[in-house]
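Okay, thanks for coming, everyone.

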Amino acid sequence: MDAFQAIVLALVQGLTEFLPISSSAHLVIPSLVLEWPDQGLAFDVAVHVGSLVAVLYYYRQTLRELAVDWFGSMAGQGATVNSRMVWYLGFATIPAGLAGIFLEQFIEDHARSLLVIASTTLIFGLLLGLADHHAERTPGDEPLTFWRGLFIGCAQAMALVPGVSRSGVTITAALMLNMSRQDAARFSFLLSIPIIASAGGRKTWELMGLGEPFDVPMMALGAVMSGVAAYACIALFLRLLDRVGMRPFVYYRIALAIVLFSIWLGS
């Protein structure tokens with residue numbers, strides 16, 4: 001993989017990690033259409049680190065407030081909205097963690113085909129459209145609760161299947177629960193932190209176990225480009241969310257699914 005390929009793949013990873021359009025659906029295109037080599041485990045670790053740093057930095061003030069209130073509640077100062085949010089995030093992460101433990105190998109063996117990615121890109125794109133239509137017809141402002149958070153967490157577990165989109169399916173679930181678009185996106189992005197961290201940690205452990213040398217400058221390039229793209233993506237997405245809604249992403253997913261189906265039919 002040369003520097004140009006690294007930059008393109010890192011930008012794609014950073015942009016699609018938080019947009020509801022599925023990173024796996026986009027990362028499969030360069031390898032299939034351009035016949036680029038697999039990015040490799042080391043580069044995968046690097047771009048995950050970049051995305052994680054981006055979301056941590058963007059929500060640094062929020063995370064600081066969550067931590068202060070949570071530790072305060074543990075010290076007997078009483079529960080707050082922020083301290084309860086920490087528990088909601090923790091419990092909402094469990095379904096995806098369990099699914100990863102018990103289903104990852106099955107998904108790896110049976111659900112990484114182009115047909116599956118094209119199908120899930122289309123189906124979950126249409127579900128996102130239905131949820132956004134519901135949000136437009138019945139604008140909601142329901143607060144986050146334990147059970148709403150757990151439902152969103154169960155939806156997140158489905159994102160192990162390529163093409164579903166972690167951010168897309170969690171925002172879809174939140175909108176169907178009558179949460180506002182901003183609250184849905186905020187919880188989705190905060191929920192990404194333990195998932196990205198755990199995935200990056202696991203891949204780092206695998207990389208260390210291989211004991212193979214890796215290209216440090218290329219990893220640094222991937223981490224920086226992915227981080228910059230992810231940060232810009234989060235900021236722009238949240239700024240435009242109430243104005244444009246989810247419809248542009250729904251149309252985009254439909255178009256992407258058509259492209260993927262066309263590649264599959266021609267292969």
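So, have a look at E206: it forms a salt bridge with R202, and the closest N and O atoms are 3.0 Å apart. By salt bridge I mean a side-chain nitrogen of Lys or Arg within 4 Å of a carboxyl oxygen of Asp or Glu. Both E206 and R202 sit in helix α9, four residues apart, about one turn of the helix. Helices here are DSSP runs of H or I with at least four residues, strands are E runs of at least two, and the numbering goes from the N terminus. E206 is partly exposed, at 35% relative accessibility, and R202 is partly exposed too, at 34%. For those words, buried is under 20% relative accessible area, exposed is over 50%, and partly exposed is in between, with a 1.4 Å probe and protein chains only.

A quick word on the source: this is a predicted model, where local features need pLDDT of at least 70, side-chain atom pairs count only at pLDDT 80 or more, and totals for chains, interfaces and linings use all residues. Residues are numbered from 1 along each chain as its sequence is written, and side-chain values use heavy atoms, leaving out hydrogens and water.

Back to R202, which has another partner: its side chain meets that of E104 in a salt bridge, 3.1 Å from N to O. R202 is in α9 and E104 is in α5, so this pair ties together parts that are 98 residues apart in sequence. E104 is partly exposed, at 29%.

The search of the whole structure turns up eight salt bridges. Another one joins R181 and E136, at 3.4 Å, N to O. That pair links distant parts of the chain as well, with R181 in α9 and E136 in α6, 45 residues apart. R181 counts as buried, at 14%, while E136 is partly exposed, at 37%. The two of them belong to a network of salt bridges with D132 and R247.

Now, which helices do the buried residues of α6 pack against? They go against α2 (23–33), α8 (166–176), α9 (181–210) and α11 (247–266). Among those buried residues are T121, F124, L128 and D132. As for geometry, α6 runs over residues 114–137, and its 24 residues should span 34 Å; the end C-alpha atoms are 35 Å apart, which agrees. That expected span is 1.5 Å times one less than the number of residues.

L256 is buried, at 7%, and it touches I21, A25, H26, I29 and T121, not counting residues up to four places away in sequence. Contact here means heavy atoms within 4.5 Å. L256 and T121 are 135 residues apart in sequence, but 7.6 Å apart in space, C-alpha to C-alpha.

Zooming out, we have eleven helices and zero strands. The radius of gyration is 18 Å, close to the 18 Å from the globule rule for 267 residues, so the protein is as compact as a globular protein of that length. The radius is taken over C-alpha atoms, and the rule is 2.2 Å times the number of residues to the power 0.38. Of the 267 residues, 46% count as buried. The C-alpha atoms fill a box of roughly 55 × 45 × 35 Å, along the principal axes.
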